[in-house]
Amino acid sequence: MQYHETPVTPVELLQPVDVVLTEALPDALAQCGWMITEQVFSPRLIQELYEEVSDRNDLTPASIGRADDQQRNSRVRRDKTRWLSGQSPLQAEYLARMDQIRQQLNRSLYLGLQEFEAHYARYDAGDFYRTHVDALKGQRNRVVTSVTYLNPVWQSDWGGELVLYDESGAQLRRVLPTMGTTVFFMSEEFPHEVLPAVTSRYSIAGWFRVSSGVAI
Ligand SMILES: O=C(O)CCC(=O)C(=O)O
Ligand SMILES: [Fe+2]
């Protein structure tokens, strides 16, 4: 018998979250390459993560690639980020859940994922991330991307959608960044962008990887 390391309430145990984890997510990734779900994290955890990130003032402008040219960066992306260290129990709980998912994806899809890394991200009003892919083809470094949205309230006319495209550039889906929604997609295959919003937009972006290396 294995017990959860972090306490969970019976209410969480009653949610069909394990079916999402063991069946729906691997199936969706195998068949479509992406999935949107609200059932991976408890509302309590999401609320606490939101409180932590919205309180912090140590997020810094994100960079792209290794050439750390901040001017070039800011034409492509304007988010401010901070890596999750797992040192706080809250971050450890988020990372532990993602590690369960990593192991399940390995069991179901033989992806050989070795680690998961994630950062808090804040997009202030007007900030964006232009269309990009999270991993270069053939590098097999970042394999699966996840993004969890943290804002307790998000109105449909506030902007800030994640727009997912297929490989031919056709729009697949627009996702409103509402609290508790998590998006998963294959990192190499889906170009995506973050549209500007009218207010600060908080999320955790993460990547299941096959080996450690320099983050891109
Ligand atoms: O916040 C999002 O919806 C996506 C963020 C993203 O694309 C990234 O950090 O690579
Ligand atoms: Fe991305």
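This is a predicted model: local features need pLDDT of at least 70, side-chain atom pairs count only at pLDDT 80 or more; totals for chains, interfaces and linings use all residues.

Me: Which protein residues are the donors of the iron ion (ligand 2)?
Reply: A donor here is an N, O or S atom within 2.8 Å of the metal, and the protein donors of the iron ion lie 2.0 to 2.2 Å from it.

Me: Which strand gives the largest share of the shell around ligand 1?
Reply: The shell around ligand 1 has eight nonpolar, three polar and two charged residues. Strands S5 (129-132), S6 (142-149), S10 (192-194) and S11 (201-209) each supply at least two residues of this shell. The largest share is four residues, and the strand that provides it is S11.

Me: What percentage of the area that ligand 1 exposes when taken alone does the protein bury?
Reply: Among the residues that come nearest to ligand 1 are Asp-134, Tyr-149 and Arg-201. Oxygen atoms of ligand 1 lie 3.1 Å from a side-chain N or O atom of Asp-134, 2.9 Å from one of Arg-201 and 2.6 Å from a polar side-chain atom of Tyr-149. Taken alone, ligand 1 exposes 300 Å², and the share of this that the protein buries is 98%.

Me: Is Thr-37 buried or exposed?
Reply: Thr-37 is part of strand S1, which covers residues 34-37. Leaving aside residues up to four places away in sequence, Thr-37 touches Val-20, Gly-180, Thr-181, Thr-182 and Phe-184. The cut-off for a buried residue is under 20% relative accessible area, and because Thr-37 has 5% relative accessibility, it counts as buried.

Me: Which residue has its backbone nitrogen 2.9 Å from a polar atom of the Thr-37 side chain?
Reply: Thr-37 is found in strand S1 (residues 34-37), and a polar atom of its side chain lies 2.9 Å from a backbone nitrogen. A polar contact requires N or O atoms within 3.5 Å, and the residue that supplies this backbone nitrogen is Gln-39.

Definitions and conventions:
Residues are numbered from 1 along each chain as its sequence is written. Chains are lettered from A and ligands numbered from 1 in the order in which they are written. Side-chain values use heavy atoms; hydrogens and water are left out. A residue is near a molecule or strand if one of its heavy atoms lies within 4 Å of it. A polar contact is a pair of N or O atoms within 3.5 Å; within protein, one must be able to donate a hydrogen and the other to accept it, and residues adjacent in sequence count only if both atoms are side-chain atoms. Accessible areas come from the Shrake-Rupley method with a 1.4 Å probe; for residues, only the protein chains shown count as cover. Ala, Val, Leu, Ile, Met, Phe, Trp, Tyr, Cys and Pro count as nonpolar, Asp, Glu, Lys and Arg as charged, and the others, Gly among them, as polar. Donors are N, O and S atoms within 2.8 Å of the metal (3.2 Å for Na, K and Ca); water is not among the atoms, so sites may look incomplete. Buried means under 20% relative accessible area, exposed over 50%, partly exposed in between (1.4 Å probe, protein chains only). Contact means heavy atoms within 4.5 Å.
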